[in-house]
Amino acid sequence: GPIGRVGRRAGRVRVGAGRQPMDAETAWEVIERRASTALVRVRLSAGRHHQVRAHLAAAGYPIVGDARYGHAGAHAEPEDDGRELLHLHALSVRFQHPVSGDTILIEAPPPDWAMIRA
């Protein structure tokens with residue numbers, strides 16, 4: 001659904017509402033079901049501000065550790081240093097360079113929490 005900005009500084013978005021809503025489509029598939037969570041693969045048709053976080057939360061599946069769009073039960077186990085991290089990771093990002101037109105592909109290995117368990 002379309003995503004529009006809400007709040008004074010537009011630091012938050014809302015699906016189907018907000019100022020100047022823009023079209024956005026997010027497709028996801030479950031890769032692995034876990035005790036109280038799931039590992040999912042997400043593909044975007046656009047790159048809107050907070051798109052993945054807003055769409056998954058609106059569908060009732062907030063991202064682990066997302067205090068902004070999630071709920072109290074969505075918090076992650078603390079990391080070794082005590083921080084709770086947002087469990088959102090871009091395995092790859094591909095876009096067309098705005099000047100050269102070249103396709104740019106950036107890849108990053110998954111963090112430990114995103115590894116598929118045997």
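Author: Let's start with V40, which sits in strand β5. Strands here are DSSP runs of E with at least two residues, helices are runs of H or I with at least four, and both are numbered from the N terminus. Before going on, a word on the ground rules: this is a predicted model, in which local features need pLDDT of at least 70 and side-chain atom pairs count only at pLDDT 80 or more, while totals for chains, interfaces and linings use all residues. Residues are numbered from 1 along each chain as its sequence is written, and side-chain values use heavy atoms, with hydrogens and water left out.

Back to V40. Its relative accessibility is 33%, so it counts as partly exposed; buried would be under 20% relative accessible area and exposed over 50%, with partly exposed in between (1.4 Å probe, protein chains only).

β5 covers residues 38–44 and pairs with β4 (residues 26–33) in the antiparallel sense, over seven bridges. Pairing is called when DSSP finds at least two bridges between two strands. In general, strands of a sheet pair through backbone hydrogen bonds, either parallel or antiparallel. T26 stands opposite L44 of β5, and the two strands make a hairpin with four residues between them.

R41 forms a salt bridge with E29, and their closest N and O atoms are 3.4 Å apart. R41 lies in β5 and E29 in β4, twelve residues apart, so the pair links distant parts of the chain. The label salt bridge needs a side-chain nitrogen of Lys or Arg within 4 Å of a carboxyl oxygen of Asp or Glu. As a general point, side chains of opposite charge can pair when their charged atoms come close. Both partners are partly exposed, because R41 has 37% relative accessibility and E29 has a relative accessible area of 40%.

By that rule the count comes to three salt bridges. Another one joins R34 to E32, with the closest N and O atoms 3.2 Å apart, and here both residues are buried. The remaining one pairs D66 with R53, at 2.7 Å between the closest N and O atoms.

For contrast, take a look at I106, in strand β7 (residues 103–107). Its relative accessible area is 46%, so I106 is partly exposed. Leaving out residues up to four places away in sequence, I106 touches L91, S92, V93 and F95, where contact means heavy atoms within 4.5 Å.
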